[in-house]
Amino acid sequence: MSTVTGNENVRIMVIDDSSTIRRSAEIFLGQAGYQIVLAEDGFDALAKINDSHPDLIFCDILMPRLDGYQTCALIKKSARFRETPVIMLSSKDGLFDRARGAMVGSDEYLTKPFTKDSLLKTVRHYTVAGQDK
């Protein structure tokens, strides 16, 4: 039996090199009815973003090849995705990381490991705000 939540049309991209974090986000978001696009790193995300056109992006900071700051900056430089909220994910809760994230255009910062409640609260904040524009 499926339940209509109103979230079925909201697509969320989760970019993280940790399969545990990707899986946790996939379970939490999937249970809430959201569409999920997973990416292992920045290059994988950039390859998938045009086809998936996410409404919200969670991006890990520390990743191989293309880190979260670089990935966020490239997303925000794109005219098509400039307005798409990007939430930085990090196991560090430092002022420097938050400031650097803000400098590349991130909209918020979520500390890992996140809870289901904190993840869904962030999603609701950015998807409801986006629908009111």
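How much of the chain over residues 11-127 is helix, and how much is strand? That stretch comes out at 47% helix and 21% strand, with its end C-alpha atoms 10 Å apart (helices are DSSP runs of H or I with at least four residues, strands are runs of E with at least two, and both are numbered from the N terminus). UniProt lists residues 11-127 as "domain: Response regulatory" in an unreviewed entry; its positions follow the numbering used here, feature names are shortened, and annotations may be inferred rather than shown by experiment.

Before you dig in, this is a predicted model, where local features need pLDDT of at least 70 and side-chain atom pairs count only at pLDDT 80 or more, while totals for chains, interfaces and linings use all residues. Residues are numbered from 1 along each chain as its sequence is written, and side-chain values use heavy atoms, with hydrogens and water left out.

**The annotated aspartate**
- Asp60 carries the UniProt annotation "modified residue: 4-aspartylphosphate", again from an unreviewed entry.
- You'll find Asp60 in strand 3, which covers residues 56-60.
- Asp60 counts as buried because its relative accessibility is 4% (buried means under 20% relative accessible area, exposed over 50%, partly exposed in between, with a 1.4 Å probe and protein chains only).
- Skipping residues up to four places away in sequence, Asp60 touches Ile15, Asp16, Asp17, Gly68, Leu89, Ser90 and Lys112 (contact means heavy atoms within 4.5 Å).

- The side chain of Asp41 has a polar atom 3.0 Å from the backbone nitrogen of Phe43.
- Asp41 and Arg65 are joined side chain to side chain by a polar contact of 3.0 Å (that's a pair of N or O atoms within 3.5 Å; within protein, one must be able to donate a hydrogen and the other to accept it, and residues adjacent in sequence count only if both atoms are side-chain atoms).
- Neighbours within four places aside, Asp41 is in contact with Ile15, Met63, Pro64 and Arg65.

**Nonpolar cores**
- The largest nonpolar core has 19 residues, and Ile12, Leu29, Tyr34, Phe58, Phe114 and Leu119 have the most contacts inside it (such a core is a set of buried Ala, Val, Leu, Ile, Met, Phe, Trp, Tyr and Cys residues joined through side-chain atoms within 4.5 Å).

**The aromatic pair**
- Searching the whole structure turns up one aromatic pair (ring centres of Phe, Tyr and Trp, the last by its six-membered ring, within 6.5 Å; planes under 30 degrees apart count as stacked, over 60 as edge-to-face and the rest as tilted).
- Phe28 and Phe114 make up this edge-to-face pair, at 6.4 Å centre to centre and 70° between the planes.
- Phe28 is in helix 1 and Phe114 in the loop between strand 5 (108-111) and helix 5, 86 residues apart, and both are buried.

**Cysteines**
- The search for disulfides finds zero (a disulfide needs a pair of cysteine sulfur atoms within 2.5 Å).
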